[in-house]
Amino acid sequence: MSTGAVGRAYPRLEGPAKVTGTARYAVEYPVDGITYGWAVPSAVVRGRITRIDTTEALASPGVLAVVHHGNAPRMAPGPQPELRLLQEPTVHYRGQYVAVVVATSLEAAREGARLVRIDYDTGPHSTVLTDDHPGLYKPDQVNPSYPTDTAEGDFDAGYAAAPVRVDVTYRTPAYHNNPMEPHATTAQWHDGRLLVHDSNQGASSVRATLAELFEVSPESVRVVTEHVGGGFGSKGYAKAAVVLTALAARHVDRPVKLALTRQQLFGPIGYRTPTIQRVRLASDADGRLTAICHDAISQTSTIHEFAEQTAVYTRSMYAAPHRRTTHRLVRLDVPTPFWMRAPGECPGAYALESAVDELAIAVGMDPVELRIRNDTEVDPDQGQPFTSRNLVTCLREGAQRFGWADRDPTPRARRDGRWLVGTGVAGSSYPARARPSSARATARPDGSFLVQINATDIGTGARTAIWQVAADALGVPPERVEIHIGDTTLPTAPVAGGSMGTASWSWAVIRAAQALREKLRDGGPPTGEVTAEADTTEEVGGQPALPRYAYGAHFVEVRVDADTGEVRLNRMLGVFAAGRVVNPTTARSQLIGGMTMGLSMALHEEGVLDERYGDWVNHDLATYHITGCADVESIEAYWLDERDDELNPAGVKGLGEIGIVGAAAAVANAVHHATGVRIRELPIRLDKLIGVSDLA
Amino acid sequence: MRAFRYHRPADVAEAVAVLAAEPQAAYLGGGTNLVDLMKLGVQRPDVLVDVTRLPLDTVEGLPDGGLRIGATVRNSDLAAHPVVRRDYPVLARALLAAASGQLRNMATTGGNLLQRTRCVYFQDTGKACNKREPGSGCAALHGQNRDLAVLDWSEQCVATHPSDLAVALAALDTVVEVHEADGPRDIPIADVYRSPGTHPERETTLARGALITAVRLPPLPAARRSTYLKVRDRASFAFAVGSVAAVLDLDGDVVRDVRLAYGAVAHRPWRAYRAEEELRGRPFSRELAARAADAELAEARPLRHNGFKLPLTRAITVRALTELASS
């Protein structure tokens, strides 16, 4: 394939449409007779609606309807109880959508929403996660289906007997996904059939959920998702916006469009749970790990159990004879947490890779070398050899590119004027998985080809990557291939999430292309269209369950203002082993994006909860800070030329999450190296480091 | 969003007359703050009186050596003005430390001075705020108040003024020219802003309907040696958690004159008179600068989450003055 399209840096196919503004997003399609929906959030945390007075709202100019639990069309019970919106008067968390106002203009809908009067009976609430919360319990499993706890050897004895021990607790706050495009939908019912243009990460699954909730056949629901302005996990399933819009459209019997506001994205559409993580590590005097324990606490809601797999990262990352991991949850009166870029691995790696740094200091050993010493070719959790594990190569190449060799391990040893300078490292890993998918390939008489698959491009460049894979599989230049994605009339495909989109979609596309070539084998160009389809359900399901992971190593140099505590990054460098890279341009964008998001987690992002109100008070991008370009002078991402034949036909591992995993730890470790101060509660903001010259 | 009318007046007198006649009218400058607040339902004007086409968009030198800056001069243009850059670097730096390039292209001089606090409780109609809704209480006092005031707050309000520009103007003894229903009036900037007291909804001493038409900088040759330092939670596009505007005039190593003002510590841009007094007439040193800051902050009453603002403000005072002294 080396002479083909895969591996070449093509610009995004939809780039010109996006930059000229002609690419349409969910609420940008012109629809005759369109109306506008506005979601009304509950003003209380926990309680019951006793009365809804819509008189004023309905009298407001342009308002057509107020949809609420008293008049909303009924929905069937579904797998996600939080999607059964406007069905009951019960309020489970502040901000829960309790009504939708539909009007002839956006502004009228918003004003109408303000005029809906709602009375509640309220009860006491609990919204703050603590490690001694009386509601702590052990879930039956953690996401998606991992055992809650694991144990091997005898951790307590192993830990007690070790000459070097680290026992540390890290805390991470709630993080909010904040894609640029909010959750947004245009919904139209025609003769019992539902058409939605929706912003999501997987139209096939959204269709299935809508069909279930509205009790119609999947064939009578069409979901179009041509362009998506990001999701970061929060659009991984059907969420509130699409359900509310479809419900409102059915109620008013007119097309409705609804986009959540930035403020409304903080909570009800999901967020990354806060975590409290205790990590205990023990090693011999040479830094060889003998005991590892990771105890993770996170929250879920009272409606639905979402058990973040925070400690799962620790099960397979480093080897030791005595190991234990546990997960505990608390049901709080909060919105249900949901996926956010590398759920589980991201917060878990922050804790473990920070603790490994603390252990390296306790041992008196270089943190790169300590990680190399504890590398393992066999998955400590499953006992099988990894299909490929290039953590050590990533660490070595990263160290070489970064200039790690000259590092003085002494904290606070480097100063540049008013700045204290330090460097940090962290490892990274993320599972390389694939899901069943289907795809269709068609040969046309003019020598061109059409490839169709209901994949989703959430801004990653997935459309372009699949197109490149398809061209090579068809054995033609990509210019002769047209690709259609993002529509449930196309062959069913899995979600853009879990770093498995490209692996899953390209698998089906390659099989469809192979089937088509088989059909075309004997002739020249066909006289009519020739089509072949593929469905990889059997093949993917029959794949042996081997430990397949991508790996990476982050290197960071920070400077910390000795007086004010301000933290800036001089540079951030990552080296990754993620299988075959289909498109260097979009791959680099994914890796740098993940690294930036990890940096943002380390220094900036924090959902600040006000317990009295039971919600996050900073709910816009002016007060919920994400990293800006000026915070980091240089970010570089590199990858190894890695070949792993146990993955999937395209040989890819996925790039969506590996860049964020471990990144926050590398920043935190660098801050410690610069200042001698270990901040174990993110974000590392200046108020925690102010006057650092007197702190250490 | 409440429906509103839009009016574009022909001149200042008409603008002021409309405001006098319409109890719920508001002036529209760049709209960078007002429009957000209208969407959030925090401000609900009936009429927007767009003043950006009025002939208030020039910067002119004055016979006394000072500078008059029209109220609708955009922040970007003011920051780039060669006389501002040469004679009042503190002003150019304050402007460039604020917001983003796009916002600075829109935001006006007058509007910047009258922008509202970014206290999260003020901006959320679902939460108690005396400034937004007098008598509803102050959720910030015992709430998430990391970003809020350490000086001069009241039980009714702990908000801070968000402007960087206003801090620089406070240090420069700026005169604010306003046009009220009964004619023009000059107000020293120190008299423009109010302490929150029992009426935090009243933020300035301007009469209702008053229009800022210009700000006038007095001649201040010492301001050629001036600076603005701003600390924020990320490197750009964020409001200050601490800021200082400083002008330093040394005679040898003795402080002949000094102007200091702080941002992010109070309901108003905070002119640090006590610190200035501590510095004036004494040989400059880092220690003196620190002592001056301490004198200014002696009466500070930090809230639960913002005690860090005291050492922060102290640190940037020392840094700003030390840099000026050695420049």
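User: In this predicted model, which residues of H10(B) meet which residues of H11(B)?

Analyst: On the H10(B) side, Arg286(B), Ala289(B), Ala290(B), Ala292(B), Ala293(B), Asp294(B) and Leu297(B) take part, and across from them in H11(B) stand Leu310(B), Thr313(B), Arg314(B), Thr317(B), Val318(B), Leu321(B) and Thr322(B). Sorted by class, the residues of this contact are eight nonpolar, three polar and three charged.

User: How should I read the way two helices pack, and at what angle do H10 and H11 of chain B pack?

Analyst: In general, a packed pair of helices is described by two quantities, the angle between the axes and the distance between them. Here helix H10, residues 286-297 of chain B, and helix H11, residues 309-325 of chain B, pack at an angle of about 140°, and their axes are 9 Å apart. Angles over 145 degrees would count as roughly antiparallel, so H10(B) and H11(B) are oblique to each other. As for handedness, H10(B) passes H11(B) in a right-handed crossing.

User: What can be said about chain A as a whole, and what is its radius of gyration?

Analyst: Chain A has 17 helices and 28 strands, and its C-alpha trace spans about 75 × 75 × 50 Å along the principal axes. A compact globule of 696 residues would have a radius of gyration near 26 Å, and chain A, with 26 Å, agrees with that.

User: How many residues of chain A are in contact with chain B, and which helix supplies the largest share?

Analyst: In chain A, 28 residues are in contact with 23 residues of chain B. Helix H3 (106-115) and helix H16 (686-689) of chain A each supply at least two residues of the side that touches chain B, and the largest share, four residues, comes from H3(A). That side of chain A has eight nonpolar, eight polar and 12 charged residues.

User: What does the UniProt annotation cover in chain B?

Analyst: An unreviewed UniProt entry annotates residues 1-222 of chain B as "domain: FAD-binding PCMH-type". Over those residues the chain is 25% helix and 17% strand, with the end C-alpha atoms 48 Å apart.

Definitions and conventions
Residues numbered from 1 in each chain as written. Chains lettered and ligands numbered in written order. Predicted model: local features only at pLDDT ≥ 70, side-chain atom pairs only at ≥ 80, totals over all residues. Contact = placed C-beta atoms within 7 Å. Nonpolar A, V, L, I, M, F, W, Y, C, P; charged D, E, K, R; others polar. Axes fitted to C-alpha atoms, helices over the stretch in contact; angles between N-to-C directions. Parallel < 35°, antiparallel > 145°, perpendicular 65-115°, else oblique. Left-handed = near helix turned anticlockwise from the far one by under 90°. UniProt positions renumbered as here; feature names shortened; annotations may be inferred. Rg over C-alpha atoms; globule rule 2.2 N^0.38 Å.
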